[in-house]
Amino acid sequence: MVHTPRGYAARRRPPPLPTTSSSTRSSRASPSPPPSASAPSPATGTPPSPPTTSSSPTAPGPPPPRAATRSCSDPELLFFAPPDHRNTTTFYACSLRGGEAPAAARELLTIDYFSAKHAVTSPTPCRCLTLVSDGRAPRYHLLNLSTGDHLALPPCQPAAKAHPDPLAWLPRGTTNYLPSMTPWRPFELSTTGLGFNTATGEHKVVRLFKRRNAEHACEVYTLGKPGGWRPCAGRVPASAASILPAMPPVFVNGYLYWLLQPAAPGDEQIRRILSFSIGAEQFGSVYVPPRLSSRMCHLANLDGSLCAVFDNRVEGDVYGLFTCSEPSASPSPSWSVRCSIYLNRLPREVSDELMEERVIVPLCTAGGKILLATGHHKVFTYDAERNTVERVFRMQEFVDLRHDYIKAPLLINIGLHDECIADVHNGDGGGERMLRVNMGRRDNMVVKQEVAVEYHDASNRQFNVLLKDLKRIAACFRRT
């Protein structure tokens with residue numbers, strides 16, 4: 001067991017990122033930077049067309065709910081955990097002022113008979129609402145975490161279940177950022193996201209799933225309208241067969257985005273992005289340069305832009321973020337480097353801790369620093385000016401975690417919270433399954449406690465070191 005210091009200073013600042021994609025590794029000690037994300041050239045082929053939009057006028061709808069304005073330097077972190085051995089889930093929020101470590105967290109609410117181990121939530125709140133579900137069954141709820149107001153959605157179509165083989169659900173080209181087996185059973189082959197149509201002021205829940213007859217379908221639930229679930233207006237493309245089950249899409253500026261996995265054996269290093277227009281309900285695709293798509297492993301909404309995570313920690317000791325401000329407005333959107341973290345230029349303590357993480361996902365920027373959440377319930381800040389990394393949050397310092405909750409079963413159990421007073425409107429009576437929500441008292445604060453022992457899972461690091469050694473040996477054989 002190793003206790004990791006709270007802050008880390010870089011040994012030296014990295015060189016500026018290249019502006020072309022022709023750079024190569026100069027030595028083993030200096031990793032390759034993330035590829036440049038320039039516009040596509042004719043040699044790369046014609047990029048897919050952007051999603052179509054509806055040209056018919058839309059009737060004005062009610063104004064969207066007004067959320068409390070929060071400075072980017074003062075974000076609120078959201079996390080949830082089982083408070084004890086009961087089948088419950090408690091949501092907490094804490095402020096990271098200027099990206100600094102919080103001293104306390106406040107209890108928002110507790111949901112009884114709702115397992116935190118199987119909970120799936122939308123990555124960020126969407127106009128005050130959060131989509132929550134039990135990953136073992138298609139039961140969805142819209143929840144305002146500030147007020148406890150919620151709505152159980154009507155029953156939806158059943159989806160196919162994952163094959164009993166624990167590895168059969170994994171797509172081709174899988175890397176170590178995915179769990180090695182289904183995180184729970186039964187495991188539905190579906191993915192659901194929450195979006196908002198600014199033209200009509202309506203929330204929409206979009207569900208992509210595989211039917212039991214092996215067909216892929218998409219159904220939509222519009223909050224406040226009767227009729228329950230209905231088929232989407234657009235045609236479901238064949239690429240929908242490559243979705244990652246249970247992984248919720250990312251909502252950015254009127255579109256939902258899914259990261260697709262390689263669909264064919266000869267396509268193992270290419271990952272694509274599927275888009276869905278909330279207003280027009282049409283599918284499309286987003287062009288990604290080949291060198292970026294070969295290492296793209298996650299999508300996120302980073303400060304209102306679509307963000308692709310470039311993860312080459314295993315082979316090149318580098319982790320990068322690329323952003324695209326208008327991915328659905330052009331057939332050749334421009335991707336730009338947001339940041340690049342060179343692990344071999346950080347102190348050994350922090351580089352080892354980052355290498356142990358299977359999942360690292362950006363949340364937002366605060367005080368000029370980028371917040372990075374991990375699967376082991378931690379949050380790091382990266383300061384690009386100083387090239388420093390600091391761990392500012394660890395869930396174990398606020399709540400006692402059970403041994404089976406040391407790391408998130410699926411992706412991460414940390415997000416962002418927006419304090420907002422808004423009702424969950426319902427026009428059709430909703431479903432019968434209602435959550436049992438107990439609001440936390442305003443004075444119910446959880447004070448941070450120092451945890452003496454740092455949890456370290458060395459299995460990921462040992463595997464990564466072995467993989468790097470094997471690749472170096474293979475490279476030596478090729479040279480000889």
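Reader: Which residues does Thr90 touch, not counting those up to four places away in sequence?
Author: In this predicted model, Thr90 touches Phe79, Phe80, Ala81, Pro83, Glu107, Leu109 and Thr110, with residues up to four places away in sequence not counted.

Reader: And where does Thr90 lie?
Author: Thr90 lies in strand β3, which covers residues 88-95.

Reader: Is Thr90 buried or exposed?
Author: Thr90 has a relative accessible area of 2%. Buried means under 20%, so Thr90 is buried.

Reader: What joins the side chains of Thr90 and Thr110?
Author: The two side chains are joined by a polar contact of 2.9 Å.

Reader: Let me turn to Thr191. In which strand is its place?
Author: Thr191 has its place in strand β9, residues 190-197.

Reader: Does it count as buried or exposed, and why?
Author: Thr191 counts as buried because its relative accessibility is 1%.

Reader: What does the side chain of Thr191 reach?
Author: The side chain of Thr191 reaches the backbone oxygen of Met247, at 2.4 Å. Thr191 also touches other residues beyond four places away in sequence, including Val206, Leu208, Ile243, Pro249 and Trp258.

Reader: Now the largest nonpolar core: how many residues, and which have the most contacts inside it?
Author: That core has 60 residues, and Phe79, Leu321, Val379, Phe393, Met395 and Ile414 are those with the most contacts inside it. Phe79 is also among the residues touched by Thr90.

Reader: What is Ile414 in contact with, leaving aside neighbours within four places in sequence?
Author: Ile414 is in contact with Leu77, Leu78, Phe79, Leu363, Ala373, His377, Lys378, Val379, Phe393 and Met395. There is also a second, separate core of 30 residues, which includes Phe196, Leu223, Cys232 and Val424.

Reader: What is the strand order in the open sheet of 4 strands?
Author: The order is β5-β6-β7-β8, and the pairing is antiparallel.

Reader: Which strands stand at the edges?
Author: β5 (119-121) and β8 (150-152) do; each has a single partner strand, so one side of each is left without a neighbour in the sheet. Neighbouring strands of this sheet are turned against each other by 25° on average, direction ignored.

Reader: Over how many bridges do β6 and β7 pair?
Author: Strand β6 (residues 130-134) and strand β7 (residues 139-143) pair over 5 bridges, in the antiparallel sense. Tyr140 in β7 stands opposite Ser133.

Notes
Residues are numbered from 1 along each chain as its sequence is written. This is a predicted model: local features need pLDDT of at least 70, side-chain atom pairs count only at pLDDT 80 or more; totals for chains, interfaces and linings use all residues. Side-chain values use heavy atoms; hydrogens and water are left out. A nonpolar core is a set of buried Ala, Val, Leu, Ile, Met, Phe, Trp, Tyr and Cys residues joined through side-chain atoms within 4.5 Å. Buried means under 20% relative accessible area, exposed over 50%, partly exposed in between (1.4 Å probe, protein chains only). Contact means heavy atoms within 4.5 Å. Helices (H or I, at least four residues) and strands (E, at least two) are DSSP runs, numbered from the N terminus. A polar contact is a pair of N or O atoms within 3.5 Å; within protein, one must be able to donate a hydrogen and the other to accept it, and residues adjacent in sequence count only if both atoms are side-chain atoms. Two strands pair if DSSP finds at least two bridges between them. Axes are lines fitted to C-alpha atoms, for helices over the stretch in contact, and angles run from 0 to 180 degrees between N-to-C directions.
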